[in-house]
Amino acid sequence: MAVIEARGLRKAFGATIALDGIDLRVEEGRILGLIGPNGAGKTTALNAILGLTPFQGELRVLERDPWNERDQLMRDVCFISDVAVLPRWIRVSQVLDYVAGVHPRFDRVKAEGFLAKTSIRRESKVRTLSKGMVTQLHLAIVMAIDARLLVLDEPTLGLDILYRKQFYDSLLSDYFDRKRTIVVATHQVDEIQHVLTDLMFIDRGRIVLDCSMEEVESRYREVMVNPDQLAAARALKPIHERQAMGRSILLFDRVDRRQLATFGDVRTPSIADLFVAVMDHEAGRALAQYEGAHR
Amino acid sequence: MNTETNVVSEPFDSQGLAPAAISPARRVYWSVRRELWENRYLYLVPLGVAALLLVAFLFGQMALPHHRMRTVLALEPAKQRAEIEMPYQMVEGLILGAAFFTGLFYCLEALYGERRDRSILFWKSLPVSDLTAVLAKASIPLGLLFFSFVITIVTQLSMLLLSTLVVWGSGLSTAQLWTQVPLLQWWLELGYHLLTVHALWYAPIYGWLLLISAWARRMPLLWAVLPPVAIGFVEKMAFNTSHFANWLWYRVNGPDPFHFSGSDSLSATAGGISMTGMTPLDLGKFFSTPGLWTGLVLAAAFLYAAARLRRYRGPI
């Protein structure tokens, strides 16, 4: 069963088109990384999924209409939108009381267990906690909710590297199982590479890449090519080319590994490199289309 | 948080667990409690005012020269009564006034503050509907009325007790004092006044403030006050009429002073006239005033609109 299913999802703010009719399907048990530059439409897409913004087109989340059934949906969906949304005046014990009071799937004992591993004290107010501790607190609450879908929008923004690493480690070891689904939007791409099962690139309101991590590994290859072999390598139509230490690194989509091996070591590109390649490629294609239309 | 990759000790089964249902009443209860955590001034202001007045009263009683007490007790009944009543009426007026303005201030801030500090995203991540949140917030000024009622009763009782001790200590008769302070009657009238004026007649005012609080992107106070004033002026300039201003005045001032006799008991009693009590005629007349019902319908419409708006609104 699809946890999220969207067809022709569209959202415009005045003349600005934030989502330009995207189709999306996220199956149960996946961890999807939604990656795109600032203003690409990531947050708008997540807000539509969470029932925080109205939209055009079809969208079902856990078989509900998020815009009209937000409160029921939130029994099965959790989200951390960014680090600064826990009210600053609330005490740690109060936020636990409140969530336990209104959320049928919140396990307070579990949340206390997660908090016991941190230095957060029950009587502290959120305003006195560091940014990293606030995120730990929010994560402890979210992980203690037995939800089916967890949505994270730049959850580790502004945190130092230790907290960022801990964040994803706890998510994987203490929370994720095959019945849960996680959608993460971020532009700190490298940190979530090892976490994801699926990858989606979004740019200017459109999905430019949508595939599983296995697919990424089987489709995309990167080779460092010596200058004398460059012409031959270019003939295989790399989608992107960059320079490193005086040599060219070429990125190929669906080109046979044995063919590439003649130029050097073949490896799977990092998500960050793939992202840059796909974005440049898209920009080039958009430019070509634009020029074609105006010739 | 631990960084080790330890395996989860018990496997979750999200489908197998049937979570205990949470009743709407429980969600409202926790939503109200959360308002009280955030806005402690709601009870601290009336309590503070009451404490201050009590201290002032105690000081006045202690400092009262003995002969002055005798003069008061020797006055003719009407004047004596006015003299003794005065501090009690002041306490009532000040506590209620403080609570009233606190309630107005709260309404204006309630749906605006959560957007300004971005916490609305946290509240919306929980299974509480916008209507529940708005109704919980709307119940706060009503609760505040009841709270200030109780505070007034306790304060006036303490004052009477203090006066009794002072009078008794100076060897005078306490009977006179007690007959001049008909607390029970005052409380009945106060309750009537709070219910009819502050709770029912003013309901659309609270609703309006909550609506503006949900709507404004900045300066909710200005948005709440300026447009009605502007409409009044524009009407006056354009048509030389004041229908809107009159209507607004009616909403603030009430249909007929007669119904609100409890409200200014101070002036009503100052001249020696006993306060108009709660009679069935009053209630019947009050509840058959069309303005009351249009006001309540308006209040409901404002609250509904505020709940709808909250759905659209994000952090500002």
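**Legends to close-up views of a predicted two-chain model**

Buried residues account for 31% of the 316 residues in chain B. The model shown in every view is predicted.

**View 1. Chain B is built from helices.** Chain B contains 14 helices and 0 strands. Read from the N terminus, its elements follow the order α-α-α-α-α-α-α-α-α-α-α-α-α-α. Of the contacts in chain B that link residues at least 6 apart in sequence, 82% are between residues at least 24 apart.

View 2. Chain A has 11 helices and 13 strands. Its C-alpha trace extends about 65 × 40 × 35 Å along the principal axes. Buried residues form 43% of the 295 residues in chain A. Among contacts in chain A with a separation of 6 or more, 68% involve residues 24 or more positions apart.

**View 3. The contact between chain A and chain B.** Chain A contributes 37 residues to the contact, and chain B contributes 32 residues. On the side of chain A that touches chain B, at least two residues each are supplied by α2 (70-73), β5 (77-80), α3 (92-102) and α6 (161-175) of chain A. That side of chain A comprises 14 nonpolar, 10 polar and 13 charged residues.

**View 4. Two domains of chain A and the contact between them.** Chain A is divided by the domain assignment into domain 1 (2-204) and domain 2 (215-293). The C-alpha centres of these two domains of chain A are 33 Å apart. Domain 1 of chain A gives 7 residues to their contact and domain 2 of chain A gives 8 residues. On the side of domain 1 that touches domain 2, α7 (189-192) and β8 (198-203) of chain A are the elements that provide two or more residues. The largest share of this side, 3 residues, is from β8(A). By residue class, the side of domain 1 of chain A that touches domain 2 of chain A holds 4 nonpolar, 1 polar and 2 charged residues.

**View 5. The largest nonpolar core.** In soluble globular proteins, nonpolar side chains tend to be buried together. The largest nonpolar core in this model has 142 residues, and A:Val77, A:Val151 and B:Leu210 have the most contacts inside it. Helix α4 (residues 77-116) of chain B makes the greatest contribution to this core, with 12 residues. Because domain 1 (2-204) and domain 2 (215-293) of chain A both give residues to the core, it lies between them. Beyond its neighbours within four places in sequence, A:Val77 is in contact with A:Leu50, A:Val61, A:Leu62, A:Ala147, A:Leu149 and A:Val151.

**View 6. An open sheet in chain A.** The 3 strands of this open sheet are arranged in the order β2-β1-β4 (chain A), with antiparallel pairing. At the edges stand β2 (16-27) and β4 (56-61) of chain A, each with a single partner strand, so one side of each has no neighbour in the sheet. On average, and with direction ignored, neighbouring strands of this sheet are turned by 15 degrees against each other. Strand β1 (residues 2-13) of chain A runs antiparallel to β2(A) and is joined to it by 9 bridges. Within this pairing, A:Phe13 has A:Thr16 in β2(A) as its bridge partner.

View 7. Most residues other than glycine have a negative phi. A:Leu62, which is not a glycine, has a positive phi of about 50 degrees, and A:Leu62 lies in the loop between β4 and α2 of chain A. A:Glu63 is found in the loop between β4 and α2 of chain A as well, and its phi is also positive, near 65 degrees. A:Leu62 has 21 other C-beta atoms within 10 Å and is therefore buried. A:Glu63 has 12 C-beta neighbours inside 10 Å and so counts as exposed.

**View 8. The surroundings of B:Gly232.** B:Gly232 is located in helix α10 (residues 220-239) of chain B. With 18 other C-beta atoms within 10 Å, B:Gly232 is partly exposed. Residues up to four places away in sequence aside, B:Gly232 touches B:Ser242, B:Phe244, B:Ala245 and B:Leu248. B:Phe244 is 12 residues from B:Gly232 along the chain, and the C-alpha atoms of the two are separated by 5.7 Å.

Definitions and conventions
Residues are numbered from 1 along each chain as its sequence is written. Chains are lettered from A and ligands numbered from 1 in the order in which they are written. This is a predicted model: local features need pLDDT of at least 70, side-chain atom pairs count only at pLDDT 80 or more; totals for chains, interfaces and linings use all residues. Helices (H or I, at least four residues) and strands (E, at least two) are DSSP runs, numbered from the N terminus. Ala, Val, Leu, Ile, Met, Phe, Trp, Tyr, Cys and Pro count as nonpolar, Asp, Glu, Lys and Arg as charged, and the others, Gly among them, as polar. Domain bounds come from an automatic or database domain assignment. A nonpolar core is a set of buried Ala, Val, Leu, Ile, Met, Phe, Trp, Tyr and Cys residues joined through C-beta atoms within 7 Å. A residue is buried if 20 or more other C-beta atoms lie within 10 Å of its own, exposed if 12 or fewer, and partly exposed in between; C-beta atoms are placed from the backbone. Two strands pair if DSSP finds at least two bridges between them. Axes are lines fitted to C-alpha atoms, for helices over the stretch in contact, and angles run from 0 to 180 degrees between N-to-C directions.
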